[in-house]
Amino acid sequence: MSRRQLVHLIGITVLSIAGLIATFAAGNEPLLGLDLQGGVEVRYQATEETTTESLDQAVEIIRSRVDSLGVAEPEISRVDEGILVQLPGVKDTDRALELVGATAELEFRPVVQRFNPEATLADAGIDDPVEFYDEAIASSQAAEVSTTLAPDTTVAEGAEEFPSTSVPGTTIPPTTTTILETDEEKIEFVENLFGIGQAPSLTDLEDDDGTTNVIMAEFDDEGNETARYELGPVGLKGEGLTDANAVLQGVEWVVAPEFKAGDEGINAFNAIATACFNRDPTCSVGAVAMALDGRVISAPQVNAAEFGRDQITISGGPFSEQEAKDLAVALRFGALPVELEPEQQRVVSGSLGDDALNAGMIAGLIGLALVAVYVIWYYRVLGMVAIASLLISGALLWTIISWLGTTQGLALTLAGITGLIVSIGVSVDSNIVYFEHVKEDMRNGRTLGSSVERAFPIAFSTIVKADVASLIAAVLLYALTSGAVRGFAFYLGLATILDLVATYFFMGPAVKWLARHFADKPQSFGVGALAASAAAGESA
Amino acid sequence: MSTIGDIFKGTNNIDFPKMWRPAAIASLTLIFLSVGAFFVQGLNLGIDFEGGTSFEVVSPGTSVSEARDFLSGLGAADSKIQIVDGDTLRIRSDIEDPVRAGEIRNELAALGDVTGFESVGPTWGEEITQKATRALLFFFLAIAVYISARLEWRMAVGALVAVIHDLIISVGIYSIFQFEVTPATVIAFLTIMGYSLYDTIVVYDKVHEVTARVGATGKYTYTEMMNLALNRVIMRSLNTTVTSVLPVLSMLIIGAFILGAVTLQEFAIALLVGLIVGGYSSLFVASSIVAWLKEKEPRHSEIRDKLEAKGLTEGTRTVDNDDAVLGTTPRRGAGAKRTDTALKDRPISADEGPDASDTDAKPVSKAKTEKSKTEKSKTESPKSDKSDKSDKAESSKAAPAASGSEPGGSIPPRPRKKKKR
């Protein structure tokens, strides 16, 4: 056993103890699932008569929105004329409402003004805005002002975020565009175009009833603000959409939304589009923003006054495949087919009942104790290593589950616990594979010390082979499923990784360390009989 | 000498191939029953999949288990029961028939005012099932590729057959006994799938290791080598099954029967059966399929033909300990370079023995039979370089266990003494 292995051994032990201490200090604890501990429920009632199909559809949408990490395992079901949403362990009912309320509708609003508080014209690559304006006008032909004025055609570093969602080929029809005279006007126009200038503070969402202008921001994946907009009143809500898909158009990813026919669909959208296309004061930037949960998710430029219901494509500058898909999902999921109103929120108990939970806990502990007794009886000192290794991975597991339960709403259901119990069997197996290899080598006449050194890489390679199969299962199931299956995949993957960690950093070094100290007492390793039979074999 | 005692000491010599046929019959019977039950009576899907009826009864002080006892009198013990706002029981039953639901509603009045009575939809939507099915298909594909790459494609076939075998039987239990399928049950099936696959790969890795080694002697059929591998790995399989089953068994006995938590009962039974079947299928289903496929390979069928000509294919012969153990010490300097002439040139003497004994190796092998000796010199391992990488890596430091005791057969290298730190 090398110094490095000793470092591993001590390191992993310290790490798991530190993890436990941190967990207790921070007050983190696993979030028990709905079946075990109960939680909070909100009942939503449809505001108007609706069909079973659209309620079922709404259930799917709400499930995707509520279950952000995919492992909270909410229970969402259709009830008469409404939807019942149950969330695990949420003691704070406001938070529950907020979570479910986050299924708020998608809004289409005209962009009155675009601000980019960080950027300057120089960032946008414009040294002289007056000259820029004059050139743009001069180079334009009679029909339309050159697309040079479209922000994304001249985007420079620092200002690349907002134009990335604009549609190339912005058109300013000559009929509505007066050629500006003064330098101030020209500068202001260009600044406006690129969103340069001081941005006002964001509107408090509670003050927004959809009928007045608001200030909203757009954020990137890391939650950094990338642009700020003044938006007009809501022109259309998500229910005006029937579908939205990311499609590959030529070599570029675009999002193709489909609107309902009529006044509550495409007509309402076209009303905004026309205003924007004509650069009305209500939409002087010429872009329409899609806002979800008080955030702008996209604000593309409008390049026509009228659109067909299913003829619209939103192109980025350009979108990556992921961006296009994310936007399509947001458009679809924002589009609840029925209007729902929260009606009642109540606290619910676990459906398994306290008796079952207690029985399960006691049974689990007894089961663990039996496993401990068995491996120690069979493998003696090695058995103790196996138990210690189990404790190490258990401590790490507890730390991670508690942390994710507290911060991310990762729920631990009966099914999750069962998966973990079986993963105990698999973790113990990593030990058994190794120990059996050691014994086989000793049977073949090696000493304890040499067997222990030699068997580890072989046994570990077996363990890795088998664990990788489990990891493939975990990754695929997590990526491709939702609901309880996803939760299972998460726990399977977590337990498998911890098994590998505990085996490599703890169990291997620990056995080697013990082998040095018990070299003359192989019977402590449960291999006394072997030593005896080997001796007998020699004398025979 | 009992077999169990032998297994404990590692001196077991079970004839697995002899058990493959009865095992196959048993497996096929179980599969037939499972599939039959599935088509005849289907699965008893719970409210989470099908929806049902929800009742609300204002009944302060009634616990979930008391309510369950009451409901089991009405034949609805598998309802989902929650206490809402501390004083109201919400009972969700998979009963869809409005007449029956109305009857239950009337009965429930005995517990208190029935304030709610409505139909509910499933919480486990079609979409979850569709996604999970698609994910499983991708998973099977990915696993087939993975096992083919790490081990070989025949093992991929065997592993998938074994996993599907286990899943069919586990689902079959639910169909035969009409246990109610809940989301937790689906998770139990997935758990069984993961466990079965894991277990099979561990067994296969042993088979791979053993056949790479013993195969180099060219003296045994694949089935015989497989048998050796299974004998080597059975203790591990038994121990692992025991440690996996113990917590589940404890949940079943203590949780379900003694403490009366009925909900856990069916769940634990399914898991228990699945784990045991998972362990069984690795040793009997997965291995027999690979052996069957491998015997068709020219390399192995030629060996079988040769042995057949000598009348050696009656039953399963045991791999000689020497052949089994020698493999752990592939010849130094990559066997491929050595010829039989080179072999003969080497002095063969018992003097090589002491080397082994003054390193940390103890000879344990017995004298070999005349037959295997002659064969071995004929087929001296030109293939040994094919053996596992790990073997090669180990070859320099490994002490040959059986050296010295073997005057007639192949010559093990003089072991280099291994320095211990």
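**Figure 1. The largest nonpolar core of the predicted model, which has 144 residues.** A nonpolar core is a set of buried Ala, Val, Leu, Ile, Met, Phe, Trp, Tyr and Cys residues joined through C-beta atoms within 7 Å. The residues with the most contacts inside this core are A:L477, A:F488, B:A159 and B:M225. Another core, of 43 residues, lies apart from it and includes A:L106, A:F115, A:L241 and A:I266. Leaving aside residues up to four places away in sequence, A:L477 touches A:V485, A:R486, A:F488 and A:A489, as well as B:A135 and B:F139. Two residues are in contact if their C-beta atoms, placed from the backbone, lie within 7 Å. Residues are numbered from 1 along each chain as its sequence is written, and chains are lettered from A and ligands numbered from 1 in the order in which they are written. In this predicted model, local features need pLDDT of at least 70 and side-chain atom pairs count only at pLDDT 80 or more, whereas totals for chains, interfaces and linings use all residues.

**Figure 2. The contact between chain A and chain B.** Chain B contributes 82 residues and chain A contributes 84 residues to this contact. On the side of chain B that touches chain A, the elements giving two or more residues are α4 (64-72), β3, β5 (113-120), α6, α8 (183-214), α9 (222-258), α10 (262-295) and α16 (389-395) of chain B. Of these, α9(B) gives the most, with 15 residues. By class, this side of chain B has 44 nonpolar, 21 polar and 17 charged residues; Ala, Val, Leu, Ile, Met, Phe, Trp, Tyr, Cys and Pro count as nonpolar, Asp, Glu, Lys and Arg as charged, and the others, Gly among them, as polar. For the complex, the predictor gives an ipTM of 0.73 and a pTM of 0.68.

Figure 3. B:K80 counts as buried because 23 other C-beta atoms lie within 10 Å (20 or more is buried, 12 or fewer exposed and in between partly exposed, with C-beta atoms placed from the backbone). When residues up to four places away in sequence are not counted, B:K80 touches A:S351, B:I47 and B:R92. B:S54 is 26 residues from B:K80 along the chain, and the C-alpha atoms of the two residues are separated by 9.2 Å.

**Figure 4. The crossing of helices α6 (residues 126-150) and α7 (residues 153-176) of chain B.** The two axes come within 7 Å and cross at roughly 140° (axes are lines fitted to C-alpha atoms, for helices over the stretch in contact, and angles run from 0 to 180 degrees between N-to-C directions). The crossing of α6(B) and α7(B) is right-handed; a crossing is left-handed if the near helix is turned anticlockwise from the far one by less than a right angle, and right-handed if clockwise. The contact is made by B:F140, B:I143, B:A144, B:I147 and B:S148 of α6(B), and by B:W153, B:M155, B:A156, B:A159 and B:L160 of α7(B). It has nine nonpolar residues, one polar residue and no charged residues. In chain B, α7(B) has the highest confidence, at a mean of 94.

**Figure 5. The crossing of helices α1 and α10 (residues 381-408) of chain A.** The axes of α1(A) and α10(A) come within 9 Å and cross at roughly 35°, and the crossing is left-handed. From α1(A), the residues A:I12, A:T13, A:S16, A:G19, A:L20 and A:T23 take part, and from α10(A), A:I392, A:A395, A:L396, A:W398, A:T399, A:S402 and A:W403. By class, this contact has seven nonpolar, six polar and no charged residues.

Figure 6. Chain A has 14 helices and 15 strands, and chain B has 16 helices and six strands (helices, H or I of at least four residues, and strands, E of at least two, are DSSP runs numbered from the N terminus). Buried residues make up 52% of the 540 residues in chain A and 50% of the 421 residues of chain B. Mean pLDDT (the predictor's confidence in each residue, from 0 to 100) is 75 for chain A and 75 for chain B. Among the elements of chain A, helix α1 (residues 3-26) has the highest mean pLDDT (91) and helix α14 (residues 528-539) the lowest (47). In chain B, confidence is lowest in helix α14 (residues 352-358), at a mean of 38. Over residues 326-421 of chain B, pLDDT stays under 50, and the model has 151 contacts beyond four places in sequence for this stretch.
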